[in-house]
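The sequence and the structure are shown first.

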Amino acid sequence: MNIVSWNCNGAFRGKYKFLADYQPDVAVVPESESPCYLAKNSKNFPALSHIWNGFSEFRGLSIFTFNGYHAKIADFYDSRFCLVLPVMIFKASTRFLLVAVWTKFVGKMKESYVAQAYNAVCFYEKYFDENTLIMGDFNSNKIWDNASGNRVHHDALVQKLECKNFGSVYHDLNHEPQGAETQPTQYQYRHKSRPNHIDYMFMNKNRMRDVNSFSIGDYNEWRQKSDHMPLFMNVKDCR
């Protein structure tokens with residue numbers, strides 16, 4: 001199963017083609033347009049399912065499925081966490097919970113960014129199992145914990161997930177600690193001199209062995225398309 005997480009920096013209607021060669025089965029795409037907007041402005045868009053939520057039809061959080069995979073919002077979705085979306089992905093005997101994430105500023109710093117993801121994880125964790133995937137644009141990194149102004153910070157989120165036996169795919173496979181990443185996932189204002197690692201894929205550590213490949217898009221290839229680099233993962237289907 002091919003999975004992509006990519007903050008497309010808007011205008012996804014003209015950017016899906018850049019992911020086509022990867023042949024994604026599931027794609028989490030922050031800052032993409034609503035289903036209605038895409039239907040009007042992108043002919044023959046190939047997704048079988050498109051789950052979306054946002055505050056503007058031009059920019060929201062999307063989950064797309066392809067190649068026989070389908071998606072629906074989980075029955076336990078809570079609208080308090082509108083940009084942390086629990087979605088059931090299914091195809092034949094494959095079925096798992098995907099929690100898609102796009103954190104942002106929501107008026108009060110102590111309730112913004114990583115605090116959104118942390119609070120949502122606290123609410124949804126009772127639904128997590130060994131096949132659950134959590135991914136997207138978290139807009140957080142351990143290096144900012146002391147200056148974030150939030151009641152909770154990135155390390156608190158990581159530790160919360162650790163308690164459920166979840167880890168970051170990038171950090172586990174590359175044996176790098178949080179806050180000391182050598183591969184950025186975002187370049188602020190698209191400047192190579194301003195790299196950050198703020199996009200993540202988390203999964204149960206018991207399933208890390210099922211990851212066939214994981215990579216982050218190259219700056220020279222993707223910088224004209226978005227300030228974020230896509231995360232690509234191929235993982236064995238869960239049963």
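## Helix H3

In this predicted model, helix H3 spans residues 154–163, and His154, Leu157, Val158 and Leu161 are buried in it. Viewed along the axis of H3, the buried residues fall within an arc of 95 degrees, so they line one face of the helix. Just after H3, asparagine 165 has a positive phi of about 70 degrees.

In one, lysine 160 meets glutamate 125, with 3.0 Å from N to O. Lysine 160 belongs to helix H3 and glutamate 125 to the loop between H2 and E8, so the pair ties together parts that are 35 residues apart in sequence. Glutamate 125 is buried, at a relative accessible area of 17%, whereas lysine 160 is partly exposed, at 21%. The cut-off matters here: buried means under 20% relative accessible area.

In the other, the side chains of lysine 205 and glutamate 162 meet at 2.7 Å, N to O. This pair links distant parts of the chain, with glutamate 162 in helix H3 and lysine 205 in the loop between E12 and strand E13 (211–216), 43 residues apart. Lysine 205 is partly exposed, with a relative accessible area of 31%, and glutamate 162 is partly exposed as well, with 35%.

The whole structure holds seven salt bridges. One of them joins the side chains of glutamate 31 and arginine 59, at 2.9 Å from N to O. Glutamate 31 lies in strand E2 (residues 26–32) and arginine 59 in strand E4 (residues 59–65), so placed that the pair links distant parts of the chain, 28 residues apart. Glutamate 31 is buried, with a relative accessible area of 12%; arginine 59 is partly exposed, with 36%.

## The six-stranded sheet

Six strands form an open sheet in the order E5-E6-E7-E8-E12-E9, with mixed pairing. Strand E5 (70–73) and strand E9 stand at the edges with a single partner strand each, so one side of each is left without a neighbour in the sheet. On average, neighbouring strands of this sheet are turned by 25 degrees against each other, direction ignored.

E9 and E12 run antiparallel and are joined by three bridges. Among the residues involved, glycine 167 has methionine 203 in E12 as its bridge partner. Helix H2 packs on the sheet, where it touches strand E6 (84–91) and strand E7 (94–102), and its direction makes about 55 degrees with that of E6.

## Nonpolar cores

In soluble globular proteins, nonpolar side chains tend to be buried together. Here the largest nonpolar core has 48 residues, and those with the most contacts inside it are Ile3, Ile63, Ile89, Leu98, Phe214 and Met233. Beyond its neighbours within four places in sequence, methionine 233 is in contact with residues including Met1, Ile3, Tyr22, Leu133, Val169, Met203 and Phe214. A second, separate core has 24 residues, among them Met88, Ala120, Tyr124 and Phe166.

Technical notes:
Residues are numbered from 1 along each chain as its sequence is written. This is a predicted model: local features need pLDDT of at least 70, side-chain atom pairs count only at pLDDT 80 or more; totals for chains, interfaces and linings use all residues. Side-chain values use heavy atoms; hydrogens and water are left out. Buried means under 20% relative accessible area, exposed over 50%, partly exposed in between (1.4 Å probe, protein chains only). Helices (H or I, at least four residues) and strands (E, at least two) are DSSP runs, numbered from the N terminus. The arc is that of the directions from the helix axis to the C-beta atoms. A salt bridge is a side-chain nitrogen of Lys or Arg within 4 Å of a carboxyl oxygen of Asp or Glu. A nonpolar core is a set of buried Ala, Val, Leu, Ile, Met, Phe, Trp, Tyr and Cys residues joined through side-chain atoms within 4.5 Å. Contact means heavy atoms within 4.5 Å. Two strands pair if DSSP finds at least two bridges between them. Axes are lines fitted to C-alpha atoms, for helices over the stretch in contact, and angles run from 0 to 180 degrees between N-to-C directions.
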